[in-house]
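Try each task before reading its solution.

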Amino acid sequence: MTTPATTHFDTAARDWDQRPTSLQLAAVPERLLAQLPLQTSDHVLDFGAGTGLLSTAIAPQVAQVTALDMSGAMLQVLDEKGFSNITTRQKDIFAGLPEQYHAIVSCMAMHHVADTAALLRAFAAALHSGGRIALVDLYAEDGSFHGDNAAKGVQHFGFAPDSLRALAEQAGFVDIAFSEILRLQHSNGRAYPLFLMTGRKP
Ligand SMILES: C[S@@+](CC[C@H](N)C(=O)[O-])C[C@H]1O[C@@H](n2cnc3c(N)ncnc32)[C@H](O)[C@@H]1O
């Protein structure tokens, strides 16, 4: 399926890891992993994996990572990194997740999905009992972070923690916690804080 978002990410893929934003986001995996208990036998889903910011950091610690993304070009860059236990899957998350995971992680992908409640329900359905979420995205902003929001497929100008917490609770998650994980310095001179939301499926 070709959408404004897939066109944007397919075009941006080759240089994705060198963008100033990606260079700053490189600090995220270590901080996220400090909040996410994992076992070497675990299978982890990286939603909106892109070129593998999270997947490549998690893969050495677990048995298997599934890197899901709609953009084939982003996943091609990830495949070229040569991780034997990362499986890339080019598909929309709402096309169905055939496997069950011990954890679902994501960085900067949720704001591209219009129906956040349905996304969190899909996460809950795809997790083993006791499975965890660790999700990173922008706190609510004024739309200035991406600038050209329509062309980049932006559906939400970040998230208010209280609203997101309520949706996560409705999806069945417990032990939901928020923390600021990074402040992104933008070329527009402003700083945009990112949250890490963690939670557990009972
Ligand atoms: C801003 S990029 C983030 C990539 C990577 N996580 C990172 O932090 O560098 C968002 C990614 O989410 C993917 N994406 C957006 N909506 C999606 C959906 N419904 N299903 C699968 N992937 C999706 C996009 O194709 C894109 O690669």
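Predicted model: local features only at pLDDT ≥ 70, side-chain atom pairs only at ≥ 80, totals over all residues.

Residues are numbered from 1 along each chain as its sequence is written, and side-chain values use heavy atoms, leaving out hydrogens and water.

**Exercise 1.** Find the strands that pair with β4 (strands are DSSP runs of E, at least two residues; helices are runs of H or I, at least four).

Solution. Start with β1, residues 43-47: 4 bridges join β1 to β4, and the two run parallel. Here L45 stands opposite I104. Next take β5, which pairs with β4 in the parallel sense over 6 bridges. Pairing requires at least two DSSP bridges. Y101 stands opposite L127 in β5. Between β4 and β5 the chain passes through α6, in a right-handed β-α-β crossover. Right-handed means that, with the strands pointing away from the viewer, the path from the first strand over the helix to the second runs clockwise.

**Exercise 2.** Decide whether A109 is buried or exposed.

Solution. Locate A109 in the loop between β4 and α6 (116-126). Buried means under 20% relative accessible area, exposed over 50%, partly exposed in between (1.4 Å probe, protein chains only). A109 has 7% relative accessibility, so A109 is buried. Now check β4: 6 of its 7 residues are buried.

**Exercise 3.** List what A109 touches, leaving out residues up to four places away in sequence.

Solution. Contact means heavy atoms within 4.5 Å. A109 touches F47, G48 and D137.
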